[in-house]
Amino acid sequence: MDDTMKQFQKSLIEVENEAENLLLARHQLVETDRLRNGNREALTALRKRARTTKTSVPLPFESIMKEIEGLGSRPLVKEVCATCGNHDSKENTWMMFPGTDVFARIPFHAVHTILDKDQAQLDYESKKLQSYVKEKSFFISEKGVLADKISPGVLRSMVTLTDKPK
């Protein structure tokens, strides 16, 4: 094989590896989105059960000011959970742990706290995967492999050619 064929083969192998990584990342992104949607549905169901929304529970300061009128020696700060609201936070709720078939009855407050933390982690992973997919797509596009009408590399070289002073 001559040098140009070896170079071409090396380039094809590199693009193929990047494309495989891109497909794997897209698959992971789909799975992460599926888990995020399930968590969001579970959190919505918990809020419906507690009859709250994300913004329906007043801030701790607002609730204190409403209750301060005729009180003697009550604590100055009353913590109010945005999901629990006035719902009994110690009421046991069934929860299936992610990735297992194990069900457990744990307090309502603990359930939504676990789901909130899990949701935040899934949001972070999803954003990370989205940026990875974007990066890999751009790399493959730069190589001229994707079905772009005009490759970004060609556009860049055309822009630099037209920007030169005459």
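Predicted model: local features only at pLDDT ≥ 70, side-chain atom pairs only at ≥ 80, totals over all residues.
Lys-143 and Glu-14 form a salt bridge, with their closest N and O atoms 3.6 Å apart; the term denotes a side-chain nitrogen of Lys or Arg within 4 Å of a carboxyl oxygen of Asp or Glu. Because Lys-143 lies in the loop between α3 and α4 (152–163) and Glu-14 in helix α1, the pair ties together parts that are 129 residues apart in sequence. Helices (H or I, at least four residues) and strands (E, at least two) are DSSP runs, numbered from the N terminus. Lys-143 is partly exposed at 38% relative accessibility, and Glu-14 is partly exposed at 33%. Here buried means under 20% relative accessible area, exposed over 50%, and partly exposed in between, with a 1.4 Å probe and protein chains only.

Residues are numbered from 1 along each chain as its sequence is written, and side-chain values use heavy atoms, with hydrogens and water left out.

The count of salt bridges comes to six. Glu-91 and Arg-49 meet at 2.1 Å, N to O. That pair links distant parts of the chain, 42 residues apart: Glu-91 sits in the loop between α2 (60–67) and β1, and Arg-49 in helix α1. Within helix α1, Arg-34 and Glu-31 are three residues apart, so about one helical turn separates them; their salt bridge spans 3.0 Å, N to O.

As to the overall fold, the chain has four helices and two strands, in the order α-α-β-β-α-α along the sequence. Of its 166 residues, 23% count as buried.

I turn to the largest pocket, whose volume is about 330 Å³. On a 1 Å grid over the protein atoms alone, a pocket is an open set of points where a 1.4 Å probe fits, with protein on both sides within 12 Å along at least five of seven lines; lining residues have an atom within 4 Å of a point. Which residues lie nearest its centre? Among the 18 lining residues, they are Gly-38, Asn-39, Ala-42, Met-96 and Leu-115. The elements giving two or more residues to this lining are α1, β1 (92–96) and α3 (108–142). Helix α1 supplies the largest share, eight residues.

Notes. Points joined across faces, edges and corners; volume = space filled by probe spheres on them.
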